[in-house]
Amino acid sequence: MKAWSIAHRTLVAAVLLFLPAPILIVVLSSFTKAGYIGFPPGELSLRWYAEFLGSADWLATMAISAGIAALAALLSTTVTFLGALAITRQRLPMTQGLETLVLLPLIFPHAALGVIMLGLVGIFGWTGEFLGLLLGHFILTIPYAWRPIVAAMRKHDLAVEEAAMSLGAPPFYTFRKVTLPLLRPGMVTALLFTFIISFDEVTVSLFLVGPDLSTLPVKIFSAIQDSGSPVIAAISAALVVFTMIIVFLLDRVIGLELFVSAEERRRPAA
Amino acid sequence: MRLGRWAWLLPLPLLAVLGLFLFGLGELVWSSFAGPEGFGLDRYRQFFARPDYIDVLFRTLWVAALTTVVSLFISYPVAYFVARYRGRKDWLLVLIMLPWLVSVVVRTYGWIVILGNRGLLNEFLGWLGVIDAPVRMLFNTTGVVIGLVHVFCPFMILAILAVFLQLERQLEEASMSLGAGPVETFWRVVLPLSLPGVISGVMLVYLMSTGAIITPLLLGGLRDRMLGTQIYQEMFQLFDFPKAATIAVILTVTAFVVVLPLQWLERRVSRNLKGAA
């Protein structure tokens with residue numbers, strides 16, 4: 001038993017080192033002074049950060065990525081909120097079907113999703129355009145907004161609203177003062193989660209970008225294939241910082257443990 | 001609060017967007033059947049007539065299966081450890097969730113730096129004197145599987161952990177106090193109760209490995225192709241949308257053959273567990 005326990009702990013420690021290792025190495029090697037990427041970075045400098053921040057091209061791509069992620073997060077959280085509000089409160093004939101439909105994009109391999117989105121976007125003539133990317137990310141992030149929002153709605157007790165109303169609060173007032181505050185953690189979680197899913201998405205975006213428009217992860221992907229300049233590491237470090245901020249906020253809003261457990265609750269009740 | 005008789009209007013925007021997705025899906029399937037000589041299975045016949053495509057199909061299955069199995073074996077002990085950890089779990093969760101949410105390109109890039117011929121690992125092994133010439137770890141299946149396991153095993157850990165977090169520690173204590181040893185408790189209590197998490201983790205990791213493009217392309221190169229990279233190539237080097245669509249349908253079927261039965265199994269297992277509780 002003792003030996004088992006040691007083996008178990010060693011394996012856990014190894015995996016918990018394995019997971020952050022490549023990220024840490026990218027971030028550390030971004031501080032190199034050399035003209036090629038490598039680890040250890042050797043002599044240190046911030047020249048690749050200077051190059052990144054001095055490049056209008058990279059900064060514009062970052063702004064596009066952030067814009068798409070923010071809009072996709074807002075859109076998918078809003079439409080999901082409306083849909084979830086209806087099905088958690090009203091007996092609608094479409095409840096089961098709607099849930100299956102919402103989670104449907106999750107069971108497609110990403111490469112296939114990419115082709116589907118490309119075909120869809122082509123119909124609107126949005127190939128390689130901002131709206132095309134936005135539509136793709138909108139569809140892609142809906143399942144991720146659905147889980148936290150529905151979990152929050154199912155958790156809270158409708159009796160609180162009835163109490164407010166029976167004490168004389170008008171419906172809209174009740175909605176604003178009672179319902180929304182109760183749902184706020186779920187909504188903020190949905191916004192943060194969909195934002196980061198969209199911001200870091202690369203496989204489907206690969207199909208939607210065009211010659212004049214790219215997202216940050218796709219541009220990093222092309223840059224890795226073309227050059228391998230350490231500026232990629234500096235930009236990657238910026239992406240890591242973005243992700244860290246989101247994880248930190250998720251921890252503040254609902255707590256990481258609750259976030260992980262909520263993942264379980266989202267599954268359609270068997 | 002009742003929503004009134006206009007409630008059915010609320011889900012309409014959601015339905016409209018998802019309708020677009022279904023429409024895109026329909027278009028994909030349609031273009032895979034609509035050949036130059038009319039409607040039929042021509043494109044599928046062309047696919048299965050090419051031995052190199054069959055190779056790609058089998059390599060995809062093999063790599064996805066290998067990735068799933070390795071992920072399961074390293075993830076289960078971690079999920080168990082985190083669930084039973086008595087201190088604050090937040091720091092452990094950060095170590096899992098941060099890599100999970102950092103973009104796939106960034107993580108794959110890290111593996112290039114580590115696994116390359118002049119990368120960290122080869123330099124280190126050379127410095128130790130274990131090897132004379134660099135070991136090839138990039139642009140082959142080893143590199144792809146390492147990368148894919150790294151990219152997808154957080155999904156597995158989180159799926160299993162989510163189940164563990166809902167599980168009462170008392171169940172194990174009860175089993176032990178009734179005389180079962182730790183090994184028996186694990187096999188007869190812990191493992192069966194965690195099965196729904198294991199199944200959904202396996203489902204997710206298999207699904208995502210079959211459809212990966214970035215990691216196989218960057219770590220496997222053009223020789224070690226998978227269905228995902230093949231789709232990418234047909235689309236962006238040969239601009240053949242119908243062919244890409246055909247491969248995408250084959251890829252989806254490949255994934256569904258495994259995913260749909262697992263989904264069914266997961267529901268059954270969860271229902272049985274709920275019934276027993």
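**Note on the A–B interface and aromatic pairs**

1. Across the interface of chain A and chain B, five residue pairs are in polar contact, both residues at pLDDT 80 or more. A polar contact is a pair of N or O atoms within 3.5 Å; within protein, one must be able to donate a hydrogen and the other to accept it, and residues adjacent in sequence count only if both atoms are side-chain atoms. Helix α6 (residues 110–123) of chain A gives the largest share of the side of chain A that touches chain B, 11 residues. Helices are DSSP runs (H or I, at least four residues), numbered from the N terminus.

2. This is a predicted model: local features need pLDDT of at least 70, side-chain atom pairs pLDDT 80 or more, while totals for chains, interfaces and linings use all residues. Residues are numbered from 1 along each chain, chains are lettered from A, and side-chain values use heavy atoms, without hydrogens and water.

3. One salt bridge crosses the interface of chain A and chain B. A:Glu257 pairs with B:Lys89, closest N and O atoms 3.8 Å apart. The rule asks for a side-chain nitrogen of Lys or Arg within 4 Å of a carboxyl oxygen of Asp or Glu.

4. Ring centres (six-membered ring for Trp) must lie within 6.5 Å; planes under 30 degrees apart are stacked, over 60 edge-to-face, the rest tilted. A:Phe18 and B:Trp111 are tilted, at 5.5 Å and 45°. A:Phe18 is partly exposed at 21% relative accessibility; B:Trp111 is buried at 6%. Buried means under 20% relative accessible area, exposed over 50%, partly exposed in between (1.4 Å probe, protein chains only).

Notes:
Helices (H or I, at least four residues) and strands (E, at least two) are DSSP runs, numbered from the N terminus.
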